Amino acid sequence: MSENQFYLSQYKPGGERFLPEKVWIFDTTLRDGEQMPGVTYTIDEKVLIAQQLDELRVPRIEAGFPITSPGETEAVKRIAALGLDAQVVALSRPLKEDVDRALECDVPYIHIFISTSDLHIETMMKTTREDVLRSAVEGIEYAKEHGVFVEFSPQDATRTDMGYLVEICKAAEDAGAEMLNIPDTVGVMTPRMTFDFFKELKAQTRVPLSAHAHNDLGQATANTLASIEAGAEQAHVCINGLGERAGNTSLEEVVVCLAAQYEVETGINTKKIAETSSLVERLSGVYMPPSTPIIGDNAFAHEAGIHVHGLLSHSGNYEILRPEFVGKRSRIVAGKHAGRHGISSMLDDLGLEPTREQLKAVAAEVKKLGDTGKVVSDSDLYAIAKNVMDITADDRVKLKQLLVVTGNTITPTASATLLVDGVEYKGSGVGNGPIDSAINAIRNVVNGFANITLEKFSMKAITGGTDAVADVTVAVRRGEKMVTANSVNGDTVMASVEAILKGMNRLLVESNK
Ligand code: KIV
Ligand code: ZN
């Protein structure tokens with residue numbers, strides 16, 4: 001069978017759809033995404049993310065809410081001055097001081113919001129529907145006088161009385177708003193409700209509608225797609241679905257669904273999705289669970305024997321799209337569910353050619369290890385194969401000595417002496433803790449001859465108490481090749497260093513072949 005881009009259901013749903021030809025992706029990672037508890041970026045980090053979003057070809061980037069702080073104003077100013085292809089947007093209440101602050105940032109696009117549900121109006125703002133409407137109109141008119149594009153959001157729209165919602169949306173249009181964004185602020189909708197809600201609003205308004213869905217009930221992507229089926233022309237999204245509470249709609253999910261399920265154009269360079277997600281993970285400190293759709297570590301990883309056999313016969317058997325479409329790669333993982341096809345393919349990848357008998361023995365050892373509850377890393381598989389196949393190849397990098405100094409008055413510092421192919425090299429590193437400094441010291445030595453990056457690092461305590469045994473798993477990359485490695489040690493620093501060295505050795509042994 002030839003290769004298609006997507007392998008989806010052939011079932012065609014009935015019912016009405018009002019799909020636009022193109023959907024504008026409005027990314028709010030730097031505004032709503034940063035409102036997620038625990039997430040905060042420096043100005044330089046915001047600039048980096050904005051540049052990455054521009055490479056992803058996001059057409060609209062909400063850079064921040066300038067009135068909230070001088071740093072936020074500065075960040076929006078710097079992003080607006082980058083000369084990106086994307087339109088840079090600033091959030092504002094419909095207040096003169098807010099709009100002035102947004103204008104000071106020199107953005108071409110202002111997003112004005114005010115709450116419209118009776119709950120918010122009465123209990124939070126302690127005002128009236130009439131005052132809210134008057135304020136919205138004044139704010140929009142004031143922004144329009146300064147020649148910017150204006151988007152209006154009636155906050156908590158989905159808990160707003162429909163009659164009043166239509167009234168304020170029409171007043172906003174008359175005041176000059178060119179886009180009506182309909183926020184499901186606390187994520188109370190279902191897809192069916194969203195479709196009807198947007199259909200009704202679309203019938204009563206003139207300017208394009210936009211969706212802004214929160215994920216409180218896990219429906220954000222489904223609701224956003226439902227609003228697009230009802231004719232919405234813009235979707236508010238965040239990288240990795242970050243955002244207030246349970247987050248916003250994930251850019252990755254919406255963009256891939258629009259391409260795969262609806263054949264609707266977004267202009268996004270999907271090949272940059274994985275890279276953008278990793279950057280936001282690193283800078284936000286919020287790492288996605290492995291099972292996260294599209295960008296999670298396991299989204300294109302396969303362990304079970306039948307699945308791997310199917311995948312190796314034709315990727316479409318167990319992958320609905322080629323991982324390269326979103327900048328990822330398929331991964332076959334060793335473990336107790338693995339079959340011989342999978343193990344054979346992994347060994348082939350490691351440059352090893354076992355006989356039938358050796359392959360059988362390696363598979364049996366892998367299952368035995370998996371049955372003990374252990375995750376079988378690439379370096380474990382290599383160690384098993386080396387043993388079974390009687391390979392005597394030595395590790396190229398060995399730790400001779402490691403010294404780590406830390407304390408409350410000094411920067412954690414480490415010095416490492418390594419034997420690389422039998423020759424002694426020394427290096428040092430600093431970091432934000434003893435583990436970080438030790439890993440940096442080792443990287444500084446090894447990077448003298450091979451560029452190896454640490455892609456993932458995770459540590460579990462497998463016993464309780466302050467003397468807990470640490471179980472460290474890392475993924476390290478050299479060019480296109482990424483391998484996982486694992487180590488268990490009562491000393492957290494040593495567990496980390498051993499795991500990194502195992503991974504590095506795996507990459508370096510292969511490069512020798
Ligand atoms: O969720 C929300 O209502 C918002 C508005 C500011 C649009 O983020
Ligand atoms: Zn929001």
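Contact here means heavy atoms within 4.5 Å of each other. With that in hand, the predicted model can be taken from the whole chain down to single residues. Among contacts between residues at least 6 apart in sequence, 65% join residues at least 24 apart. The protein has 513 residues, of which 52% count as buried. Its secondary structure comes to 16 helices and 16 strands, and the C-alpha atoms fill a box of roughly 80 × 60 × 45 Å along the principal axes.

As for the two histidines, both His212 and His214 are buried.

Next come the helix pairs. Two packed helices are described by the angle between their axes and the distance between the axes. For helix H5 (residues 129-145) and helix H6 (residues 162-175), the angle is about 25 degrees and the axes are 9 Å apart. An angle under 35 degrees counts as roughly parallel, so that is the label for H5 and H6. Their crossing is right-handed. On the H5 side the contact involves Arg129, Val132, Leu133, Ala136, Val137, Ile140, Glu141 and Lys144, which meet Tyr164, Glu167, Ile168, Ala171, Ala172 and Ala175 of H6. Sorted by class, the residues of this contact are ten nonpolar and four charged, with no polar ones.

Helix H1 (residues 43-55) and helix H10 (residues 273-284) are another pair, with axes that come within 10 Å and cross at roughly 170 degrees. Angles over 145 degrees count as roughly antiparallel, and H1 is therefore roughly antiparallel to H10. H1 brings Glu45, Leu48, Ile49, Gln52, Leu53 and Glu55 to the contact, while H10 brings Glu275, Thr276, Leu279, Val280 and Leu283.

What angle do the axes of helix H11 (residues 305-313) and helix H12 (residues 340-349) make? They cross at roughly 60 degrees and come within 7 Å, and the two helices are therefore oblique to each other. Val308, His309 and Leu312 of H11 meet His341, Gly342 and Ser345 of H12. By class, that gives two nonpolar and four polar residues, and no charged ones.

Helix H8 (residues 220-229) calls for a look at burial. Nine of its ten residues are buried, so H8 is largely enclosed by the rest of the structure. The buried set is Ala220, Thr221, Asn223, Thr224, Leu225, Ala226, Ser227, Ile228 and Glu229. What covers these residues? The cover includes strands E6 (179-184), E7 (209-213) and E8 (234-237), along with helices H7 (191-204) and H9 (251-262). Just after H8, Gly231 takes a positive phi of about 115 degrees.

Positive phi also turns up in residues other than glycine. Asp156, which is not a glycine, has a phi of about 65 degrees, and its place is in the loop between strand E5 (149-155) and H6. Buried means under 20% relative accessible area, and Asp156, at 0%, is therefore buried. Glu263 has a positive phi near 50 degrees, again in a residue other than glycine. The place of Glu263 is in the loop between H9 and H10. Is Glu263 buried or exposed? With the cut-off for exposed set at over 50%, Glu263 is exposed, its relative accessible area being 73%.

Asp156 comes up again in the surroundings of His120. This histidine lies in helix H4 (residues 118-124), and its relative accessibility of 12% is why His120 counts as buried. Which residues are in contact with His120, leaving aside its neighbours within four places in sequence? They are Ser115, Met125, Gln155, Asp156 and Arg159.

Note on methods:
Residues numbered from 1 in each chain as written. Chains lettered and ligands numbered in written order. Predicted model: local features only at pLDDT ≥ 70, side-chain atom pairs only at ≥ 80, totals over all residues. Heavy atoms only, no water. Buried < 20%, exposed > 50% of the residue type's maximum accessible area, 1.4 Å probe, protein only. Axes fitted to C-alpha atoms, helices over the stretch in contact; angles between N-to-C directions. Helix = DSSP H or I, 4+ residues; strand = E, 2+ residues; numbered from the N terminus. Parallel < 35°, antiparallel > 145°, perpendicular 65-115°, else oblique. Left-handed = near helix turned anticlockwise from the far one by under 90°. Nonpolar A, V, L, I, M, F, W, Y, C, P; charged D, E, K, R; others polar.
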